[in-house]
Amino acid sequence: MNLIVFPVILNLFSAFLIALLWKKSKIYSGIACLCFSLLSLISVILLGKYVFQNQYILYYVGGWEIPIGITLMVDALSYIFLLVLNFILPLICWFSLTYMGKYVKSSYFYILFSLISTGLNGILISMDFFNIYVFLEISSIASYILVAFGLKTEELEASLKYTMLGFIGSVLILVSIGLILGKTGTLNIADFMNIAIGMDRIQLWFILGLFISGLALKTALFPFHFWLPDAHSLAPSPVSAILSGIFIKITGFYLLIRIVSNIFIMFSESKIIVMGLGLSSMIFGALMAIDQKDIKRTYAYSSISQIGYCALALGIGGYWGYLGAILHFIFHSLSKSLLFLNSGAIEYKYKTTKIDDLKGIEDKMPYTTMTGFVGMLSIAGIPPFGCFWSKIIIIISAIKAHYYGIAFIAVVVSIITLGYFLKLLRNIFYSKDENPKINEVNFNLLMPMVLLSIIIFLGGLIFSPNIKIYIDKAVSVMENFSYAQIMEK
Amino acid sequence: MIVYIAIVVMFFVGIYGMIVKKNIIKMIIGVNIIGYALNLFFIVIGYRNGGIAPILVPGMTIEEFVSKAVNPLPQALVLTSIVIDLSIICFLASLSIRIYEKYGSFDLEKIRRLKG
């Protein structure tokens, strides 16, 4: 089905169109970017029918069959990621229409925004190692530039650090792709899996180790996390929302799922490594988030902690572990995008994100406060909101797999998370301040946040048996699917 | 074999430049050397001793071509890889110009304000 290429083509076309026609105009560039991201959302929704009827859909680029050409594939797992990605991107673009107005050349933002969407969509539909690498680099380079978009001194430094470490991550991934090509002579994942059965285990371990460390750098799991707080807290807020909400999850976590549970299925030990990385970053991120002076830095450390939950659930495995990983990905993406947009709205009015300078936002910006409240309590795991369900499923999965210690630590980290978010709520939202000048933000800034918080609020209700069928299909992809099945047909 | 050793040496020279050196320009040169090492690695993967260029000229059978030509796939990949390296280097160079405007120095010790 040709519909599979549309999310990539539309966004790429949007980038070139804006660069050619509307580079001078702030308004047209933003509206063009919003329209194309909405079109890409529509194409993804239309694609859903075909994905869930069949187990997966394939598209041969240029008509070349599997070992020769590039193959694109969407199955239930990548479809859920595609849907979440393409749902969040138009909302962030809508938010940027007003927010990015304060920058001089905001039309360049939309070009890079479209390129990031191209790369992220491309990673999700590729079934070819080098194709994944190329799309990874498209989105990474656009994100390096977007971190430095404001050209302030700290932003430049954060971008330098982020670029250097992102480059090392890409190099590790590229070396392992080179080894795969040298050892098997193929880059297609399905073809590789057929050949890899007869390969030496030590060589495969080496490739897998390089892959996992490269992806851990991209995901910002604990020993490789140090670029994330600077890059995510200093970037412009919509960019932080993309990076923290979906970028690290697709360039890192999605590929980690594929590598660990679909490609290198013969090494079940690799899951223990992922579990260890996830556990340590979960604890570390939560401890570091307690004592930060800046809201966006708190959110950034909280991202490290929550991506740790995702990796932990992936490492635990089994039906409940995988279900928890996918649900936590969905709800954390929505909540963290909401929180970063919320901090952007506060920054838009107050011109600062320092916790000490912000007081009594509740009196002046009641709707912004409500959305921030929903986002924070959701990530902290308070019952009606989305992340509660995913966290409790992760804890259940740990208990079912007899990791009682890990379940206990997950509960403790969740309490710490609640602690630092309550502290933030009390300090910046519900405190007294007599500064009458500030009023509520305008419609364009408010509506994306309200939409996101409605989805998060209804998370528990949406998660009904009708929806669970679709998520179960993604879980069964993680449990049973291996790319070698494609070659057998 | 000696080529592979050369690639590993080049790779670690680049890593040394990126990690040990405190000057941003030298770090960028390190990035560049790592990129070259990887490109060379891909070329060597596809190389065969005494191989010919992978172009099917008239009068050559497919079997003859397959037995003699070098693997064209890594060469195509290197082209992409060069473009990616180029864009990263370009971006880093323009970033370092901006950093020099702000701080008046390329020295990381003087630039470091973020705690990490």
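Mentor: Chain B exposes about 7000 Å² (Shrake-Rupley method, 1.4 Å probe; for residues, only the protein chains shown count as cover), and carbon and sulfur atoms supply 68% of that surface. Keep in mind that this is a predicted model, where local features need pLDDT of at least 70 and side-chain atom pairs count only at pLDDT 80 or more, while totals for chains, interfaces and linings use all residues. As for bookkeeping, residues are numbered from 1 along each chain as its sequence is written, chains are lettered from A and ligands numbered from 1 in the order written, and side-chain values use heavy atoms, with hydrogens and water left out.

Back to chain B: five helices and zero strands make up its secondary structure (DSSP runs numbered from the N terminus: helices are H or I, at least four residues; strands are E, at least two). Its radius of gyration is 20 Å, well over the 13 Å that the globule rule gives for 116 residues, so chain B is more spread out than a compact globule (C-alpha atoms only; the rule is 2.2 Å times the number of residues to the power 0.38). Of its 116 residues, 37% count as buried (under 20% relative accessible area; exposed is over 50%, partly exposed in between; 1.4 Å probe, protein chains only). When you take contacts in chain B between residues at least 6 apart in sequence, 52% join residues at least 24 apart (contact means heavy atoms within 4.5 Å). On the charge side, chain B carries 11 positive and 6 negative side chains, with the centres of the two sets 14 Å apart (Lys and Arg are positive, Asp and Glu negative; His and chain ends are not counted; charges sit at NZ of Lys, CZ of Arg, CG of Asp or CD of Glu).

Now for chain A, which has 21 helices and two strands. Its radius of gyration is 21 Å, close to the 23 Å from the globule rule for 489 residues, so chain A is as compact as a globular protein of that length. Its C-alpha trace spans about 70 × 60 × 45 Å along the principal axes, and buried residues make up 65% of the chain. Chain A exposes about 16600 Å², with carbon and sulfur atoms supplying 69% of it. It has 32 positive and 24 negative side chains, and the centres of those two sets lie 4 Å apart.

Then the rings: over all chains there are 34 aromatic pairs (rings of Phe, Tyr and Trp, its six-membered ring, with centres within 6.5 Å; planes under 30 degrees apart are stacked, over 60 edge-to-face, the rest tilted). Tyr319(A) and Trp320(A) have ring centres 5.5 Å apart and planes at 80°, so that pair is edge-to-face. Both partners peek out: Tyr319(A) is partly exposed at 25% relative accessible area, and Trp320(A) is partly exposed at 30%.

One last stop is Ser240(A), in helix α10 (residues 237–263) of chain A. Ser240(A) is buried, at 0% relative accessibility. Apart from its neighbours within four places in sequence, its contacts include Lys296(A) and Phe340(A).
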